[in-house]
Each structure stands twice: as structure tokens, then as C-alpha cells.
Amino acid sequence: MVHKLDPRTKLFGTLVFIVSLFLADSLAAYAVATLFLAAVIRLSRVPFSFIVRGLKAIVVILLISVSFNMFLTPGTVLFQIGFLKLTWEGLKMAGFMALRLIYLVIGSSLMTLTTTPNELTDGLEKSLGFLNKIGVPVHEVSMMMSIALRFIPILVEETDKIMKAQMARGADFETGNLIQKAKSMVPLLVPLFISAFRRATDLAMAMEARCYHGGVGRTKMKPLKYAGRDRGAYLVYAVYFAVILAVRAVL
């Protein structure tokens with residue numbers, strides 16, 4: 001069901017979920033957010049083990065945020081080691097901060113895992129279409145995002161090929177101090193940039209050959225249309241957000 005939702009519905013739902021996480025300030029509110037997130041994961045049928053892989057990228061940020069909140073938040077001191085004081089308020093804030101960051105990554109991952117890059121950019125372009133009235137080139141920005149998303153796996157693959165080729169020629173990317181490692185990256189970055197610019201030039205020529213001149217007057221092969229499930233999803237978002245606000249007001 002989640003995969004079939006309109007991309008605008010998923011974008012709005014992700015925004016509602018993010019705002020609700022910053023409004024949540026109690027265990028009850030986070031319990032409601034947990035139930036909502038668990039239901040969405042269940043409906044998406046994306047394996048949970050696959051979703052949590054995205055958490056590896058924020059482990060360092062998570063540890064730094066938790067540590068700062070635990071030891072630098074004033075309040076009731078639980079124990080002290082030198083100038084570091086662990087307070088009850090800091091422990092509570094660190095727990096909420098950790099949950100908030102984890103849920104932000106999982107919620108965002110759910111949107112990207114259930115939405116193709118083309119659908120995502122079409123949804124952004126349609127949702128932000130009102131900005132055209134004030135001169136913002138929404139179509140061009142969406143097109144750049146779509147191209148960037150498509151180039152990421154290509155550049156990762158190209159980087160791997162260049163690194164293996166340079167290692168076969170005797171390049172060493174792992175030993176040495178920080179300056180030596182930075183210098184050893186030059187044989188990798190130079191051909192990578194040359195390859196990226198060549199691909200960008202080829203893409204620009206291909207777009208010009210197909211008479212692409214921006215978003216004025218362009219139509220969609222698959223125009224976005226709301227269905228009954230999208231209206232139901234908006235109703236669910238409204239109920240969820242109202243519950244978060246009610247819990248926040250009561251507690």
C-alpha cells in the first residue's frame with residue numbers, strides 16, 4: 001500500500017512525522033510515534049533489517065549528540081567524574097535525542113525505499129509548483145535532483161573501478177599519516193572528476209538532441225493523480241498529528 005501512494009502523499013507524511021518528532025517531549029508521545037512508524041513499516045513490507053542499515057551512517061553523530069546531552073545538561077546530578085556530571089535531565093534528553101535521530105533516519109529511509117527517484121522529483125515539482133509564481137525554477141531544481149540521484153550509484157561504481165585500477169598499479173590508499181593519505185587520493189580524484197565531467201557533457205548533449213529546453217509547456221507521461229488511498233492516508237496523518245498534540249498538551 002505504501003509503495004502505491006502518490007509521492008506527494010509520502011512527502012507530506014514524512015514532513016508530518018518529522019515535525020511530530022520535534023513536538024514529542026514525553027514517553028507517551030514517542031510511544032505513539034513508535035506505533036505509527038511500526039505500522040508504516042508493516043504496510044511497506046520492506047524488511048526491517050534492510051531499513052536499519054541506514055543507521056550506520058549516523059552512529060558517530062548519534063554518539064556525539066547523546067554524550068553532549070548526557071554530560072552537559074544541568075540538573076539533578078546522578079554521579080560525577082571530574083568535571084563531567086551525569087544528570088537525570090541530561091539522561092532523559094539524551095534518550096529522546098537518540099530516539100529522534102533514529103526515527104528521522106528510518107522515516108526518511110522508508111520514503112526513499114518506497115519511492116523511485118522519478119516519482120520523488122515529480123512529487124517535489126508538483127508540490128512546490130506554487131513557487132513558480134515568485135520566480136523559483138522548480139522544474140529545473142527537480143531535474144537537477146533527479147540527475148544527482150541517478151549519478152550517485154554510477155559515481156560509486158566508477159570510484160570502485162578507479163581505486164582497483166590504481167591499486168593494481170601500486171597505489172596505496174590505507175597506510176601513512178593523514179597528509180600522506182590525502183596525497184594518495186589525488187590519483188583517485190583526478191580521473192573521477194574527469195569521468196564525471198565527461199558524463200555530464202554527454203548527458204547535456206543528449207538532452208539538447210532531444211530538444212529539452214526546461215519545464216515550460218512540458219507534459220508528463222504519467223501525471224500524478226490522487227486516489228482514494230491517498231485521501232485515507234491524509235486522514236491518518238491528521239489523526240496521528242492530533243494525537244501527538246493532545247499527548248503534548250496533557251503531559
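Visitor: Where does Ile106 lie?
Guide: Ile106 lies in helix α5, residues 88-113. Helices here are DSSP runs of H or I with at least four residues, strands are E runs of at least two, and both are numbered from the N terminus. Before we go on: this is a predicted model, where local features need pLDDT of at least 70, side-chain atom pairs count only at pLDDT 80 or more, and totals for chains, interfaces and linings use all residues. Residues are numbered from 1 along each chain as its sequence is written, and side-chain values use heavy atoms, with hydrogens and water left out.

Visitor: Is Ile106 buried or exposed?
Guide: Ile106 counts as buried because its relative accessibility is 4%. Buried means under 20% relative accessible area, exposed over 50%, and partly exposed in between, with a 1.4 Å probe and protein chains only.

Visitor: And what does Ile106 touch?
Guide: Leu37, Ile41, Ile51 and Leu55, leaving aside residues up to four places away in sequence. Contact means heavy atoms within 4.5 Å.

Visitor: What about Ser65, buried or exposed?
Guide: Ser65 counts as buried, at 19% relative accessibility. Ser65 sits in helix α4, residues 59-72, and touches Met97 and Leu101, again not counting residues up to four places away in sequence.

Visitor: Switching topic: how do strands β1 and β2 run?
Guide: Antiparallel, with four bridges joining β1 (residues 77-81) to β2 (residues 84-87). Strands pair if DSSP finds at least two bridges between them. The two form a hairpin with two residues between them, and Gly82 in the turn has a positive phi of about 65°.

Visitor: Which residue of β2 is the bridge partner of Ile81?
Guide: That's Leu84.

Visitor: How far apart are Ile81 and Ile106 in space?
Guide: They are 34 Å apart, C-alpha to C-alpha, and 25 residues apart in sequence.

Visitor: Now the helix packing. At what angle do α6 and α7 pack?
Guide: About 160°, with the axes of α6 (residues 117-127) and α7 (residues 138-168) 9 Å apart. Axes are lines fitted to C-alpha atoms, for helices over the stretch in contact, and angles run from 0 to 180 degrees between N-to-C directions. So α6 is roughly antiparallel to α7; angles under 35 degrees count as roughly parallel, over 145 as roughly antiparallel, 65 to 115 as roughly perpendicular and the rest as oblique.

Visitor: And how do α7 and α9 cross?
Guide: At roughly 140°, with the axes of α7 and α9 (residues 186-209) coming within 10 Å. They are therefore oblique to each other.
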